[in-house]
Amino acid sequence: MLEVRGLHHVYGRGKDAVTALERIDITVAAHELVCVVGPSGAGKSTLLRAVSGLLNPTAGSVTLAGRPVVGSPPPGLAMVFQDYARSLFPWSRIGSNVAFPLAGIARQERRHRVETALQAVGLPDVTRRYPWELSGGMQQRVAIARALVTNPLLLLMDEPFASVDAHTRADLEDLLLRIKDEHGTTTLVVTHDIDEAVYLADRVIVLSGSPANVLADLTVDLPSSRDQVLTRSLPRFVSMRAQVAQLIRTRHSPPHVPSRGASPSHERRET
Ligand code: ADP
């Protein structure tokens, strides 16, 4: 569904050049949930901006369902951000917020799709409420409903549960797994949280520190039915978490400080 090939991005020029991404290759198959995990400053946001078409990379390509992603978010792509408070319109009721991407669709159909999306996130009765009347976790559920309402080809999530408390976070993680089971939504989640990545994913892609390159692409061979307590106590979960942590720890270099005459690094990628 998603193919990222040789994605390379350098911010600035000459002595101010910062290589954020270094020849990244990533694929996500239909119905897969893939987590990209890496330390802060690794280049995760740059990667997401390039995948969503919001940033023109220095080199490389992104294709979604066989179509090149260039210049703007392609049809079929939906995004959920960390900051739910800034992604919903406070002056619009929840129903209107969720209906926002459905401009041009007949009213009856629009209402049906909004209700279905809100039901999918466990909030069937909030269409007449305003965002500020809901808890943070509920607002993030609304943001997810708004992403799902278009039946996206790819759901991109940027640290989606980083702004809520631990209990709500676990609920939202399980919601995402349920959505994946019931709707088969193809999902790419970017997170710095190793536990979350291993708990959620079919595959975990580990990024090195800046500049980001792919250190490992690991298949999560845990039972597909996940449970917050049982799964996290399985020896395989513990060993995968340790493996990812070790990869990041040994390969994370401090954020890049440009020096005179700095140019894009061409160090060989190790996977
Ligand atoms: P992450 O999301 O993993 O924290 P980013 O993609 O935000 O990482 O940043 C990766 C690197 O690129 C960092 O070294 C950061 O300082 C640099 N960077 C990000 N955005 C810009 C920009 N607009 N101009 C220059 N450097 C940038």
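This is a predicted model: local features need pLDDT of at least 70, side-chain atom pairs count only at pLDDT 80 or more; totals for chains, interfaces and linings use all residues.
Okay, a pocket here means an open set of grid points, on a 1 Å grid over the protein atoms alone, with protein on both sides within 12 Å along at least five of seven lines.

Who lines it? Arg93, Gly95, Ser96, Ala99, Arg107, Arg110, Arg111, Val114, Glu115, Thr127 and Arg128. If you sort those by class, you get 6 charged, 3 polar and 2 nonpolar residues. Two helices, α3 (94-99) and α4 (107-120), each put in at least two residues, and α4 gives the most, with 5.

Now the largest pocket, which holds about 400 Å³ of space. It has 18 lining residues, and the ones closest to the centre are Leu77, Ala78, Met79, Phe81 and Pro101. Two elements give two or more residues to that lining, β6 (77-80) and α5 (136-148). The top contributor is β6, with 4 residues. As for class, we've got 14 nonpolar residues, 3 polar and 1 charged.

Okay, on to the ligand. Around it you'll find Tyr11, Val18, Ala20, Pro39, Ser40, Gly41, Ala42, Gly43, Lys44, Ser45, Thr46 and Arg49. Which atoms come up against its oxygens? From Gly41, a backbone N or O atom sits 2.7 Å from a ligand oxygen. Gly43 also uses a backbone N or O atom, at 2.9 Å from an oxygen of the ligand. With Thr46 it's the side chain: an N or O atom there is 2.5 Å from a ligand oxygen.

Last stop, helix α6, residues 166-183. How far apart should its ends be? With 18 residues at 1.5 Å a residue, the helix should span 26 Å, and the end C-alpha atoms are 25 Å apart, so the two agree.

Look at the start of α6, and you'll see a side-chain oxygen of Asp165 reaching to within 3.1 Å of the backbone nitrogen of His167. Along the helix, the buried residues are Thr168, Arg169, Ala170, Leu172, Glu173, Leu175, Leu176, Leu177, Ile179 and Lys180. Notice that Arg169, Glu173 and Lys180 are among them. Then, just after α6, Gly184 takes a positive phi of about 65°.

That's my tour, thanks.

Note on methods. Residues are numbered from 1 along each chain as its sequence is written. Side-chain values use heavy atoms; hydrogens and water are left out. The expected span of a helix is 1.5 Å times one less than its number of residues. Buried means under 20% relative accessible area, exposed over 50%, partly exposed in between (1.4 Å probe, protein chains only). A polar contact is a pair of N or O atoms within 3.5 Å; within protein, one must be able to donate a hydrogen and the other to accept it, and residues adjacent in sequence count only if both atoms are side-chain atoms. On a 1 Å grid over the protein atoms alone, a cavity is a set of points where a 1.4 Å probe fits but cannot get out, and a pocket is an open set with protein on both sides within 12 Å along at least five of seven lines; lining residues have an atom within 4 Å of a point. Grid points are joined across faces, edges and corners, and a volume is the space filled by probe spheres set on the points. Ala, Val, Leu, Ile, Met, Phe, Trp, Tyr, Cys and Pro count as nonpolar, Asp, Glu, Lys and Arg as charged, and the others, Gly among them, as polar. A residue is near a molecule or strand if one of its heavy atoms lies within 4 Å of it.
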